[in-house]
Amino acid sequence: MAKTLTRADLTESVYRNIGLSRNESSDLVESVLEEICTCLEAGEEVKLSSFGTFSVQSKRQRVGRNPKTGVEAVITPRRVLSFRPSHILKDRVDNA
Amino acid sequence: MTRSELIAKLAAKNPALYHRDIERLVSTILDEIGSALERGDRVELRGFGAFSVRHRKSRVGRNPRTGTSVQVFEKRVPFFKMGKGMRERLNR
């Protein structure tokens, strides 16, 4: 059965690998994510070698449809986050 | 921003830490996410997004240059879906 990892699991491995307190480890995990978010918010790409690339894409306005009711609705222009896994990560996941 | 620029920014904000510990921090996080996906597990980071593994069925593909059909085997690919918090931050 697939398990779900959360911040707590990341904090725990950082705590075990680096040897700082659990609190500090937790703050550091948070600051890594925050640093990535801030950069993406500014529209900049985040390239993490051997992991993948996060980039922000701008979507134009389009007409969509509520799949449940079938009612047409205008979808406003928006920005979305996309992730392109690196070949290394793809190979790891596929060959496991 | 690259991995090394990320490490440099974190180092500037945490002057009390050794540079190699910051490097280890970043690689631990990325490795841990990678290993979870390798096991077929999900990683959910509230406010940021969730990583999961998606299965692609085998299909008959085509070499775009020559037009010959080739069998593409089924595979597992890493997938990321942005979280609500991130969506709000990108669309303020």
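**The interface of chain A and chain B**

Between chain A and chain B there are 23 residue pairs in polar contact, both residues at pLDDT 80 or more; a polar contact is a pair of N or O atoms within 3.5 Å, where within protein one must be able to donate a hydrogen and the other to accept it, and residues adjacent in sequence count only if both atoms are side-chain atoms. The model is predicted: local features need pLDDT of at least 70, side-chain atom pairs count only at pLDDT 80 or more, and totals for chains, interfaces and linings use all residues. Residues are numbered from 1 along each chain as its sequence is written, and side-chain values use heavy atoms, with hydrogens and water left out.

On the side of chain A that touches chain B, the elements giving two or more residues are β1 (4-5), α1 (7-18), α2 (22-41), β2 (46-48), β3 (52-59), β6 (78-85) and α3 (87-95). Helices (H or I, at least four residues) and strands (E, at least two) are DSSP runs, numbered from the N terminus. The largest share, 13 residues, comes from α2(A).

Chain A brings 48 residues to the contact and chain B 45 residues, contact meaning heavy atoms within 4.5 Å.

Six salt bridges cross the interface of chain A and chain B, each a side-chain nitrogen of Lys or Arg within 4 Å of a carboxyl oxygen of Asp or Glu. A salt bridge links B:Arg89 to A:Glu34, with the closest N and O atoms 3.1 Å apart.

Strand β1(A) runs parallel to β1 (residues 42-45) of chain B, joined by two bridges; strands pair if DSSP finds at least two bridges between them. A:Thr4 has B:Arg42 in β1(B) as its bridge partner.

Key:
Chains lettered and ligands numbered in written order.
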